[in-house]
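This report describes selected local features of the model displayed below. It takes up a pocket, a disulfide, a helix and several backbone details in turn.

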2 protein chains.
Amino acid sequence: MSRRQLLNAPDDLVAEALEGLELTHPGLLRRDPEFHFVQRRQPATGKVGLVSGGGSGHEPLHAGFVGTGMLDVAVAGAVFASPTALQIQAGTVAADSGRGVLQIVKNYTGDVLNFQIAAEIADDDDIAVESVLVDDDIATSSEQVGPGRRGTAAVVIVEKVCGAAAEAGADLPTLAALGRRVVGQARTLSLALDACTHPGDSTPAFELPDDLVEFGVGIHGERGVSRIPFAPGDELVSQLVEPVVAELELARGDAVIAIVNGLGSTYPLQLSLAARRMHHLLGGRGITVARSLVGSYVTSLDMNGFSVTLVRADDELVRLWDAPVRTATLCW
Amino acid sequence: MSRRQLLNAPDDLVAEALEGLELTHPGLLRRDPEFHFVQRRQPATGKVGLVSGGGSGHEPLHAGFVGTGMLDVAVAGAVFASPTALQIQAGTVAADSGRGVLQIVKNYTGDVLNFQIAAEIADDDDIAVESVLVDDDIATSSEQVGPGRRGTAAVVIVEKVCGAAAEAGADLPTLAALGRRVVGQARTLSLALDACTHPGDSTPAFELPDDLVEFGVGIHGERGVSRIPFAPGDELVSQLVEPVVAELELARGDAVIAIVNGLGSTYPLQLSLAARRMHHLLGGRGITVARSLVGSYVTSLDMNGFSVTLVRADDELVRLWDAPVRTATLCW
C-alpha cells in the first residue's frame with residue numbers, strides 16, 4: 001500500500017468515483033456501470049448528441065460538463081488511459097437521438113484511435129458521427145513529426161460553445177465546423193511547480209529542484225519541454241500568457257475568452273492571483289478579456305501547476321459561451 | 001523566497017486574489033479595495049443583508065458564495081486571520097438596505113470578537129444586527145473550557161439556507177432563529193493525509209509518518225486531536241461518518257443534507273470515492289441523503305484531506321436548499 005492517498009484499490013478508483021458522482025447528482029446524471037460513461041439523467045431528444053471522454057484523473061472534465069447546454073455523454077477511461085472503442089461506441093449510441101453525434105476528442109494517440117473506431121462502428125449502425133480534434137497545447141507544437149499538439153483546457157470551451165449551439169438546434173456539420181473553428185483559434189500553455197502522484201504510487205511522477213519550474217507540462221504526469229527558473233507568480237504567469245498571445249497573433253482591439261486552469265492542488269487564492277496578472281497583461285496590450293473562467297477544470301490528479309488558455313473571441317462565440325448551461329461544474 | 005509556490009509577496013496574496021476574483025466575475029461581484037470585502041455587483045434591496053467572512057485560505061468560502069440566494073457581503077482577513085472589526089463594520093454597512101444584517105460567523109476567538117465589535121458599532125449606527133455562530137466541528141467538542149467547537153463546512157449550509165430565506169423576505173429574527181436551528185443540527189469531522197503549507201513557508205505546517213493519518217484536524221493548519229493508522233479510503237470515510245451520525249443521534253428514517261468537502265489538494269476522483277462510501281454507510285442505516293454537495297468548498301490552502309458534514313434535514317431545510325442560487329461557486 002502506498003502512503004496516505006485517499007484510495008481503496010487503485011484499479012477500483014474510477015468505477016467507485018463514477019458511482020459516487022451519480023449518487024451526488026441523482027437528478028442530473030446517470031452512469032452506465034458496464035461501459036463507464038456518464039449521461040444526462042433525462043436524455044435530450046431532437047438535437048445532435050455531444051460525446052467526449054478520455055482518461056480519468058482530469059476531473060471535473062468530462063463528466064462534470066454533462067448536462068443541458070453542454071455534453072450528453074462523457075466516457076471515462078482508466079486514470080490517464082483512453083477509454084476503449086467499445087466504451088465510446090456505447091456512449092455514442094446513448095447520445096444519439098436521430099440527428100447524429102459530435103465527438104469532441106483531445107489529441108492523444110489512444111483517444112484519437114478509439115474514438116475513430118467507435119465512429120466507424122456507429123457509421124455501420126447508421127449513426128452519423130463527426131469528430132472535432134482539440135489540440136491547443138503549444139508546448140508540443142514544435143513536434144513536426146508525431147501526434148502534434150496535445151489537447152488540454154481548450155476542450156472546455158469547445159464543449160461549452162458546441163453544446164450551446166447543439167441545444168439551439170444546429171445540425172451536425174454546422175457543429176463540427178464550429179468546433180473546428182474554436183480549436184483553430186485556441187491555444188494553451190501550462191507549467192508545474194510539483195508533479196502529480198499516480199494512484200497507488202508512493203512518489204510523484206517527477207522531481208524538481210527547489211529553484212526550478214517545469215515548463216510546458218501536459219496533463220498526464222509527463223515532464224515538460226524545459227525547466228525554467230522559479231520566479232514570482234506574476235512573472236510565471238507572463239511566461240504562459242506571452243507565448244499564447246504570440247501564437248494566436250493577438251493584437252490591440254482583439255477579444256478573447258480565457259481560462260486560468262488549476263492542474264490539481266493549486267488553490268483558489270493562487271488561481272485568482274494568476275487571473276489578475278493575466279487580465280493586466282492582456283489589458284496592457286489592448287486585448288479585451290470578453291469572458292474568463294478561473295478554477296480547476298482540466299486537472300492532472302494533484303499536480304501543483306496551472307495553465308492559461310486563450311481563444312480568439314467574436315460575438316458568436318461570446319453569445320454561445322453566455323447561453324444557459326446546467327452541469328455539475330458549469331452553471332449559469 | 002520559499003520554494004515553488006505560485007505567489008508574489010505573501011502579504012499581497014489576499015488583495016491580489018480579491019482583485020483577480022473581481023476581474024473574473026465583473027457582472028457578479030465588486031470588491032472593496034480598502035476594506036477587502038466582496039459584495040454583489042448589484043446590491044440587493046428590501047431584504048435582510050447577509051454578511052460572512054473570516055480568515056483567507058479557505059476559498060471558495062466565503063466570497064464564492066456571494067450572490068443571489070446566498071451572501072450579500074464576504075469579508076476577507078489575512079490568511080488564517082480574522083478580518084478586523086473595521087472591515088466587518090464596513091461590510092455590514094454595505095450589506096444593509098434597511099432591514100438589518102445577519103452575521104454568519106465561524107466559531108474562532110478572533111472572528112467572534114471582531115464580528116461582535118462590528119455589530120456594536122452597527123447598532124450605534126441604527127443597523128439592526130443578529131449573529132449566527134457556526135460551531136460544527138466535533139473534534140473540538142470535548143473542550144469543556146475554551147472557545148468550544150470550531151466552525152467549519154456547515155457554514156456553507158447555513159449561508160445557503162439563510163440566503164434563500166432572506167431572498168424570500170424573511171425578517172432578521174426569523175433568519176437568526178433559522179440559522180441557529182441549522183447549526184444545532186449540523187456536525188462535521190475532518191482528517192488530513194498531508195498538512196498545508198502557509199504562503200511563504202517552505203515546509204508544511206506539520207509532518208506525518210507514512211503510516212498515520214491526522215484525525216480531527218481544523219482548517220488552519222493546526223494538528224488534529226489524534227493520529228490514527230492509515231487505512232483504505234472506505235475505512236477512513238467510516239471513521240468520519242460514524243461519529244457524526246452518533247453525535248447527531250441519527251436513526252433509521254432520518255434525512256440529512258451532507259457535504260463531502262475537500263480541504264485543498266484532495267482531488268475529485270477521491271472526493272467522489274468518499275461520497276460513494278458515505279452514501280453506502282448512511283443508506284445501510286436507513287438514513288436518507290436528501291441532498292449532498294461534494295467538492296472543495298471550505299479549504300485549508302493545499303491541505304490533503306477531507307471532511308464530512310451532516311445536517312439533520314426536514315422539508316423546510318430541503319426546500320430552502322433547493323431554492324435558486326447564483327454565486328461564483330454554487331448555482332442552481
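What volume does the second largest pocket have? In this predicted model, the volume of the second largest pocket is about 1,200 Å³. Its lining is made up of 37 residues, and those closest to the centre of the pocket are Asp194(A), Pro204(A), Asp194(B), Pro204(B) and Asp302(B). By residue class, the lining comprises 12 nonpolar, 13 polar and 12 charged residues.

## The disulfide and other cysteines

A search over all chains of the structure returns one disulfide. The partners are Cys331(A) and Cys331(B), with a distance of 2.3 Å between their sulfur atoms. The pair crosses between chains: Cys331(A) belongs to the segment after β14 (326–327) of chain A, and Cys331(B) to the segment after β14 (326–327) of chain B. The torsion about the S-S bond of Cys331(A) and Cys331(B) is about -55°, and the disulfide is therefore left-handed.

Cys331(A) has a relative accessibility of 13% and so counts as buried. Cys331(B), at 13% relative accessibility, counts as buried. Two further cysteines can be described in these terms. Cys196(A) is buried, with a relative accessibility of 1%, and Cys162(B) is buried at 0%.

## Helix α6 of chain B

Helix α6 of chain B covers residues 233–247. Its 15 residues, taken at 1.5 Å a residue, should span 21 Å, and the end C-alpha atoms lie 22 Å apart; the two values therefore agree. Which residues of α6(B) are buried? They are Gly233(B), Asp234(B), Leu236(B), Val237(B), Ser238(B), Leu240(B), Val241(B), Val244(B) and Val245(B). The elements of chain B against which the buried residues of α6(B) pack are the strands β8 (186–194), β9 (212–215), β10 (226–229) and β13 (304–312), together with helix α7 (268–284). After α6(B) comes Glu249(B), which has a positive phi near 55°.

## Val112(B) in helix α3

Val112(B) is located in helix α3 (residues 109–124) of chain B. With a relative accessible area of 32%, Val112(B) is partly exposed. Leaving aside neighbours within four places in sequence, the contacts of Val112(B) are Val105(B), Lys106(B), Asn107(B) and Leu133(B). Val112(B) and Pro147(B) are separated by 35 residues in sequence, and their C-alpha atoms are 9.7 Å apart in space.

## Backbone features of chain A

| Residues joined by a cis peptide bond | Omega |
|---|---|
| Glu59(A) and Pro60(A) | about 15° |
| Leu61(A) and His62(A) | about -10° |

Pro60(A) is part of the loop between β3 (49–56) and β4 (67–68) of chain A. His62(A) also lies in the loop between β3 and β4 of chain A.

Asp126(A) has a phi near 65°, which is positive although the residue is not a glycine. The loop between α3 (109–124) and β7 (129–134) of chain A contains Asp126(A). Is Asp126(A) buried or exposed? Its relative accessible area is 72%, so Asp126(A) is exposed.

## The loop between β12 and β13 of chain B

Leu301(B) lies in the loop between β12 (288–295) and β13 of chain B. Although Leu301(B) is not a glycine, its phi is positive, at about 55°. With a relative accessible area of 0%, Leu301(B) is buried.

Tyr297(B) is also found in the loop between β12 and β13 of chain B. Why does Tyr297(B) count as buried? Its relative accessible area is 13%, and buried means under 20%.

Which residues does Tyr297(B) touch, not counting those up to four places away in sequence? The residues touched are His58(B), Glu59(B), Pro60(B), Leu61(B), Phe65(B), Val156(B), Asn261(B), Gly262(B), Thr329(B) and Leu330(B). Tyr297(B) and Ser307(B) are 10 residues apart in sequence, with a C-alpha to C-alpha distance of 10 Å.

Conventions: Residues numbered from 1 in each chain as written. Chains lettered and ligands numbered in written order. Predicted model: local features only at pLDDT ≥ 70, side-chain atom pairs only at ≥ 80, totals over all residues. Heavy atoms only, no water. Helix = DSSP H or I, 4+ residues; strand = E, 2+ residues; numbered from the N terminus. Expected span 1.5 Å × (residues − 1). Buried < 20%, exposed > 50% of the residue type's maximum accessible area, 1.4 Å probe, protein only. Contact = heavy atoms within 4.5 Å. Disulfide = S-S within 2.5 Å. 1 Å grid on protein atoms, 1.4 Å probe; cavity = no way out; pocket = protein on both sides within 12 Å on 5 of 7 lines; lining within 4 Å. Points joined across faces, edges and corners; volume = space filled by probe spheres on them. Nonpolar A, V, L, I, M, F, W, Y, C, P; charged D, E, K, R; others polar.
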